[in-house]
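Biologist: I am new to this structure and would like to learn how to read it. Could we go through it together, one feature at a time?

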Amino acid sequence: MLRHDVVVVGAGLAGMRAAIEAKRAGADVAIISKLHPTRSHSGSAEGGINAALGNASEDSPEIHTFDTVKGSDYLGDQDAIEIMCTEAPGDIYELEHMGAVFSRFADGRIAQRPFGAAGSPRTVYSADITGHVLIHVLYEQLLKYEVPVYEEFFALDLALDGGRCVGVLAWDIVSGGVHGISAHNTILATGGVGRMYYGTTNAYACTGDGMSMAWRAGVPLKDMEFMQFHPTTLKSNGVLITEGCRGEGAYLRNSNGDRFMAIAAPNAMELASRDVVSRAETKEIEEGRGVDGCVLLDLTHLGAKKILTRLPGSRELAMDYAGVDPILEPIPVRPGAHYHMGGVDTDSDGQTLLPGLYAAGECACVSVHGANRLGGNSLMETITFGRRSGAHAGAEALANRNGALVAASAVRDADSRIRAIFGRAGGQRPWQVREELATSMYDDAGVFRNQERLERCLTAVGDLRERGRDVVVDDTGDRFNTDLVSVLELESMLEMADCLVTGALARQESRGAHTRLDHPERDDERWMKHTLAWYDGGKVRLDYKPVTVTRFEPMVRSY
Amino acid sequence: MEVTLKIRRSPDGASHTTETYTVEVPETATLLDALDAVKDKRDGTLAYRKSCRMAVCGSCGMRMDGGAVLACKTAMKPLVEAGHVPTISPMGNLPVIKDLVVDMEPFWAKIRAVKPFLQTEAHPAKEHLVEAQVQQANIGKEALCIMCGCCVSECNSMESDPDFLGPAALAKAQRFVGDQREDDVARRSRLKDLNGAHGIWDCTRCYFCNQRCPKGVDPRDAIAKLGAQTFRFGSGSEFGAKTNMFAPVGTVVEPGVAHAQVFVDSTRRGGFLDETQLVPKTIGPLAAALDVPFALRLARAGKVPNPLHKHKAKNNDEVKRLWKLLEAQAREQQGLGTNHPSLIDSHD
């Protein structure tokens with residue numbers, strides 16, 4: 001039996017940052033991850049990480065806090081937002097000391113670039129590969145602190161004992177077999193679930209495994225209806241073209257060559273908030289002013305030098321996956337599912353309602369993003385709340401650890417569950433259900449929603465959950481069985497889709513990324529509250545809880 | 001379009017067969033998309049790694065027609081248009097687990113061996129480090145590495161010496177040696193380690209790593225920078241060049257620096273490499289004496305240069321001018337490098 005004081009599930013930025021901090025607190029900590037740490041999706045982040053350093057122009061944590069509260073369409077919890085914005089500069093300097101290679105101003109200070117809906121150029125960056133730079137820096141620290149990683153272990157379920165989480169059950173992908181990994185505290189840092197959508201920037205691994213484990217264990221998921229659609233993704237495979245392009249001055253044009261953001265956001269133009277830009281793009285495309293289902297991201301006026309030095313990764317992606325050199329011609333882009341504002345309901349130390357369980361990063365909902373996340377705030381969230389979760393979980397484990405173990409019967413039950421999948425016959429293959437789910441979600445639970453679309457989507461998801469229980473594998477072996485992994489991932493996505501669509505159908509207003517054509521206005525009177533999605537015999541049950549407001553009363557949100 | 005792939009299948013990592021699959025994919029499909037189509041529609045038992053599908057996570061390194069590629073960065077259309085049926089197999093120099101999945105542990109063990117983290121005891125405070133952009137240029141390329149293993153797959157030295165640290169780990173080492181934030185004491189200690197057995201001097205300079213790197217890291221260039229740093233830090237005393245001369249017979253002394261130093265001294269003096277000096281000066285006269293029987297066998301095969309031949313170039317002045325130029329360039333580049341600009345832009 002494997003056991004540690006703290007076990008972190010997931011090895012992206014939040015997971016690694018949490019593990020490092022738990023180790024610094026003196027706890028015996030280990031990570032389990034279905035991928036090697038540097039393969040995690042955090043590494044795909046491009047544009048940057050927000051902290052009010054004030055290196056580009058005057059800035060302060062207060063202004064950062066206000067921008068984030070407004071960006072969240074007043075659904076973010078203001079106490080949590082203030083914590084992040086206040087602690088962000090210290091976290092950036094710490095990353096710098098760990099070895100992060102940030103881009104610089106000529107005088108040697110850390111450079112900052114403008115990003116959407118930010119009152120000041122606040123986004124710290126490493127060219128346009130910021131996530132890559134940070135994930136390697138944190139992996140280096142993981143090795144420095146000698147944190148063990150159970151690599152290519154797929155977490156199946158949380159282990160519970162007497163109303164407490166006592167660890168996880170995991171399948172060893174390389175060799176097969178179920179392991180119980182006991183922990184006084186378990187931290188989920190498993191990322192998002194963008195793969196439930198057809199057009200998504202997310203990696204194949206982003207299938208919501210941690211959120212679904214928590215949900216099944218009776219932990220509520222918060223604000224799941226809020227999925228951010230990033231305005232600039234490639235049509236062929238959904239790959240993200242960073243907001244940094246617009247930060248550096250790129251234009252969005254329709255088929256007539258017009259900068260259509262002049263109507264939707266006359267002041268901020270292309271640098272309006274992501275929800276605003278995605279809606280404007282979808283409107284252009286749906287009203288016939290698109291180009292082959294896309295709009296055009298035009299960098300040509302920036303010139304070769306600026307593109308080659310500040311946006312070389314974006315150029316490479318456009319050339320590889322759209323066949324377009326942005327120095328010479330505009331890139332066709334469209335909105336794609338990008339970031340899940342919703343997730344496991346936590347407090348600002350990462351604690352969930354289940355004792356012994358924490359969550360951090362995209363799989364958590366503290367909530368600092370509310371109904372719409374600002375570009376550059378998610379990387380900051382992974383670092384700040386990863387650190388806070390690790391510190392709290394580590395210290396709490398040292399003070400109260402009691403040696404609770406994952407029961408041997410739980411390991412046997414989980415193993416039986418896997419063997420039962422191997423034994424199925426007659427069902428569909430996982431990809432058939434997955435493709436139907438992704439299309440249904442993109443069509444009916446996308447940028448523009450209404451009751452009819454969402455009801456159709458909910459019916460489809462219900463049907464797919466039924467069929468998902470019967471999907472069959474070709475591969476019934478124990479060794480590196482990725483066919484089995486795709487079945488387990490599909491189960492998570494189907495459950496999370498149910499939570500998302502159920503929440504979206506209930507929320508009769510438009511707020512942030514959740515746009516109801518049949519309820520076009522924000523309704524603070526009835527809906528300025530968090531949705532909680534609970535597990536109820538396999539079905540989704542909703543209730544609500546208030547938003548924390550400290551300093552900023554809701555105002556009309558325009559850019 | 002229709003794509004046909006020959007895929008090396010190995011359910012247990014040991015025995016293997018080659019299977020041919022034909023699938024329908026979009027025109028924009030990459031090799032990874034084609035593999036997904038095979039797995040979904042033809043044979044779900046096929047194993048390979050994938051995640052980001054945008055050439056940054058480093059999961060999908062594999063061989064196409066015998067050379068390492070990232071599957072997600074390899075377009076299928078040109079191959080289809082050329083009527084070519086590629087053969088897909090796992091990366092080289094790493095044990096196979098199943099089909100296209102290799103055991104990366106030997107790869108990571110070498111990364112761990114170079115102490116892959118910044119050592120900045122001199123700057124422990126949480127304060128703003130001011131750093132010249134131009135200094136970051138030194139590590140700009142190495143910081144692009146995604147640890148996919150494509151360079152290691154094709155490394156010739158590693159094929160003959162599996163313990164060779166290899167291009168990925170050495171590029172990672174240069175990422176810290178070249179970082180001005182690293183403490184000097186730590187940098188010196190790193191260089192000492194890297195000059196040891198299976199270190200930088202075991203690279204054969206075949207440049208396959210540069211050729212196969214999908215991210216432009218150019219690991220061979222990183223190894224060259226480590227060599228240059230070694231000389232800069234004083235090759236004579238610390239890294240074995242002169243101590244070799246008096247090393248007791250049978251002790252393990254790394255002759256890499258000494259070997260390079262003979263080239264330098266010899267060409268500077270006479271414009272030619274004096275091959276008769278190469279062995280004794282590299283491994284020391286005592287050790288060289290033990291190699292006399294081998295030298296005699298070489299002589300009998302006509303492979304030893306005439307020791308009485310005067311090793312001097314006709315126009316040695318020109319050689320000396322070249323040396324001057326090289327030294328001037330080295331001074332100019334010291335600490336500057338001539339690197340990829342992607343991480344090192346300063347604002348206007």
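Biologist: How many residues of chain B are in contact with chain A?

Modeller: Two residues are in contact if their C-beta atoms, placed from the backbone, lie within 7 Å. Here 47 residues of chain B are in contact with 52 residues of chain A. β6 (96-98) and α4 (133-136) of chain B are the elements that give two or more residues to the side of chain B that touches chain A. Such elements are DSSP runs numbered from the N terminus: helices are H or I, at least four residues, and strands are E, at least two. That side of chain B divides into 21 nonpolar, 14 polar and 12 charged residues. Ala, Val, Leu, Ile, Met, Phe, Trp, Tyr, Cys and Pro count as nonpolar, Asp, Glu, Lys and Arg as charged, and the others, Gly among them, as polar.

Biologist: Thanks! What should I know about the model and its numbering?

Modeller: This is a predicted model: local features need pLDDT of at least 70, side-chain atom pairs count only at pLDDT 80 or more, and totals for chains, interfaces and linings use all residues. Residues are numbered from 1 along each chain as its sequence is written, while chains are lettered from A and ligands numbered from 1 in the order in which they are written.

Biologist: Which domains does chain B have?

Modeller: Domain bounds come from an automatic or database domain assignment. For chain B it gives domain 1 (2-102) and domain 2 (104-233), with C-alpha centres 29 Å apart. In chain B, 16 residues of domain 1 are in contact with 16 residues of domain 2. On the side of domain 1 of chain B that touches domain 2 of chain B, β4(B) supplies the largest share, 4 residues.

Biologist: And what is the radius of gyration of chain A?

Modeller: It is taken over C-alpha atoms, and the globule rule is 2.2 Å times the number of residues to the power 0.38. For chain A the value is 22 Å, close to the 24 Å that the rule gives for 559 residues, so chain A is as compact as a globular protein of that length. Chain A has 16 helices and 21 strands.

Biologist: How many residues does the largest nonpolar core have?

Modeller: A nonpolar core is a set of buried Ala, Val, Leu, Ile, Met, Phe, Trp, Tyr and Cys residues joined through C-beta atoms within 7 Å. A residue is buried if 20 or more other C-beta atoms lie within 10 Å of its own. The largest core has 256 residues, and A:Ile32, A:Ile187 and B:Ala34 have the most contacts inside it. Helix α15 (residues 482-506) of chain A gives the most to this core, 14 residues.

Note on methods:
A residue is buried if 20 or more other C-beta atoms lie within 10 Å of its own, exposed if 12 or fewer, and partly exposed in between; C-beta atoms are placed from the backbone.
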